[in-house]
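Work through the exercises below with the model open beside you. Try each task before you read its solution.

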Amino acid sequence: LTLPQFVQLMDNFVGEDISLPTVKRLTAFIKGEYKQTEEEKMKQLEKVHRMSHMAQRKLLLEALFEKWDSSACGSLDLEEVVAVLNTFKGGTGKEALMKAKERLCFRYPQLSRVGKLSPKAFRTFLELIASEFTGNEDETIDNLVRFLTTSVEQSHTRSLQSSARRKWLQDIQQAAETSGTSMEPVYKAVIKALSQDMEAHGDNKRTSAYIALLEENRLSPEQGQVLLRYVACTTDDAPHILNQVLHRDMKGVSFAAIDQGKPIYVPRVQLHGNIHFWNSDRSVEERKGSFLVLPLYDAHWRVFGILGLDTLRDQHQKSIFLTHQITFYEGVCHAFSKAYHHICMRGNVLQVAVAALDWLYPRTPSIHAVTTYLVAPGKDKNYALCKVITTDNTGQKEIQSSPVVLLREENLLRDYLFKCTDSSEVTLTSVHGEHHIAVPLHDLSRQTLGIFDISIEQHKKLPPQEQKDLQKMLKMAQAACSEILQRSLEETEPTQVLEAERVANMRHAGILFYRFMLQELRECV
């Protein structure tokens, strides 16, 4: 138990109406009775040491990745890394390297297709290499880090450029973490990052930028099974581009970039002949400049859209994109993908919560109201709670389009919600005579992802059958959320059980809740 978990356990155990002398007697009893054997103590120390060691290794390898990824593009070329590692220890470890590469490609099948190492895959690769060498694994990791650190050098100017770019990419992620389930702040952060980089590192060229996402083409499938819908762009281009749809049978190279899974760069659009111009008012003389389209990948390296940039608004003769800019734009694609899927994940969690509450309300008339919160970063490295769903005693729900944000210092009467978040354990309390049960939804590391704040009014506890139904709902909601989080991991392919899941393709994540309910029912029959 962590300190907050121990305090919460004791708090739940003693209840609210207990006297101070009784608390003191309980404290003295636990102090006298709790004994830790030497073996338990050593196991605990070993566990703490191991966790600390793994955390330090993770930070070390992340820093090494960043040093190699000087353009902040979010991935490294596998063959480039292998070429350098071939000279490790004078080339004597080539066999170990090849075995580690085989194991890595088995774990990440997409590597043979895309050849790109994410930070996690890079870390795994070095750990696999170290495990193939004889001798101490930690020493081998340290030697690998030292070798790879000296193998890449960075000028002061390049270092400053990389630092600025990382800050802009972090702003994209922060926009996702603080925007509830809205994509608009993320779109704005992406466009801002591109314009800031063009101003600082691109000779301030006038650039247009746009994001288009793949959708199933339901209205005109004869034009292709999927289409690209333009969901965001630079302000000046909005009248011509925003909400436009590109089909496969229309001019353009965007679908070629999607099919090939690689950026396509057209340095002179006037000579290409297969470029789609959204602004039909632009004369032939004005249709000059460069065009770049980059595919957007999810964690499994599947393309889900494109990021496009052009310099048609720039009148300079050499309005081209340089190599270091293109690699940074790949980093923007990577940052946007993480942000986009983070918001999709939160949206899916909310769908599970809605499905769970729909199932619960007819069965639990004693529950007066349920408020659902999601945890988000707050001020000064603290966290905030975003109120996202309120449900009254009839089961009527209100989903907040702009989440109400709760900060701890401003909500003393709701401190039980923050205690629940800290401990990741169920918290019971009474506020002005109204009894509340705060139940956490966990992420994969058992940190609090969200909270159900269940009001049972004057009842001190629910009737036995209602309590049983509540526990069943919470169990299935947690299982569905864990499945959603598991699907977002790069090495995990989604498992689909019901036909409805294949048809919905996660458009309605609430189906997962009913899938787990059905699976439990089958086990009971």
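The exercises go from the chain as a whole to single residues.

The model is predicted: local features need pLDDT of at least 70, side-chain atom pairs count only at pLDDT 80 or more, and totals for chains, interfaces and linings use all residues. Residues are numbered from 1 along each chain as its sequence is written, and side-chain values use heavy atoms, with hydrogens and water left out.

**Exercise 1. Domains**

Task: State how the chain is divided, and give the distance between the centres of domain 1 and domain 3.

Solution. Step 1: list the bounds, which come from an automatic or database domain assignment. They are domain 1 (3-34), domain 2 (40-154), domain 3 (158-339) and domain 4 (343-524). Step 2: take the centres over C-alpha atoms. Those of domain 1 and domain 3 are 58 Å apart.

**Exercise 2. Helix α3**

Task: Compare the span of α3 with the expected one, then find its buried residues and their packing partners.

Solution. Helices (H or I, at least four residues) and strands (E, at least two) are DSSP runs, numbered from the N terminus. The expected span of a helix is 1.5 Å times one less than its number of residues. Step 2: apply them. Helix α3 (residues 38-68) has 31 residues. From first C-alpha to last it reaches 45 Å, close to the expected 45 Å. Step 3: check burial. Buried means under 20% relative accessible area, exposed over 50%, and partly exposed in between (1.4 Å probe, protein chains only). In α3, Arg 57, Leu 61, Leu 64, Phe 65 and Trp 68 are buried. Step 4: look for contacts, meaning heavy atoms within 4.5 Å. The buried residues of α3 pack against β1 (76-77), α4 (78-85), β2 (116-117), α7 (119-132) and α8 (137-151).

**Exercise 3. Strand β7**

Task: Describe the partners of β7 and the cover on its two faces.

Solution. Step 1: count bridges. β7 (residues 291-297) pairs with β8 (residues 303-310) over seven bridges. Three bridges join β6 to β7. Pro 295 has Ile 306 in β8 as its bridge partner, and Leu 296 stands opposite Gly 305. Step 3: inspect the turn. The β7-β8 hairpin has five residues between its strands, and Trp 301 there has a positive phi of about 60 degrees. Step 4: recall the rule. In a regular strand the side chains alternate between the two faces of the sheet. Step 5: assign faces. Phe 291, Val 293, Pro 295 and Tyr 297 are buried on one side, and Leu 292, Leu 294 and Leu 296 on the other.

**Exercise 4. Cores**

Task: Describe the largest nonpolar core and the surroundings of Leu 470.

Solution. Step 1: define it. A nonpolar core is a set of buried Ala, Val, Leu, Ile, Met, Phe, Trp, Tyr and Cys residues joined through side-chain atoms within 4.5 Å. Step 2: size it. The largest has 41 residues, and Ile 367, Phe 452 and Leu 470 are among those with the most contacts inside it. Its largest share, eleven residues, comes from α13. Step 3: zoom in. Leaving aside neighbours within four places in sequence, Leu 470 contacts Leu 360, Ile 367, Ile 437, Ile 454 and Leu 462. Step 4: look elsewhere. A second, separate core of 36 residues includes Met 183, Leu 194, Leu 292 and Tyr 329.

**Exercise 5. Positive phi**

Task: Locate His 432 and Glu 457, and classify their exposure.

Solution. Step 1: His 432 lies in the loop between β12 (427-431) and β13. Its phi is near 55 degrees, and at 73% relative accessibility His 432 is exposed. Step 2: Glu 457 lies in strand β14. Its phi is about 55 degrees, and at 32% relative accessible area Glu 457 is partly exposed.

Note on methods: Pairing = 2+ DSSP bridges.
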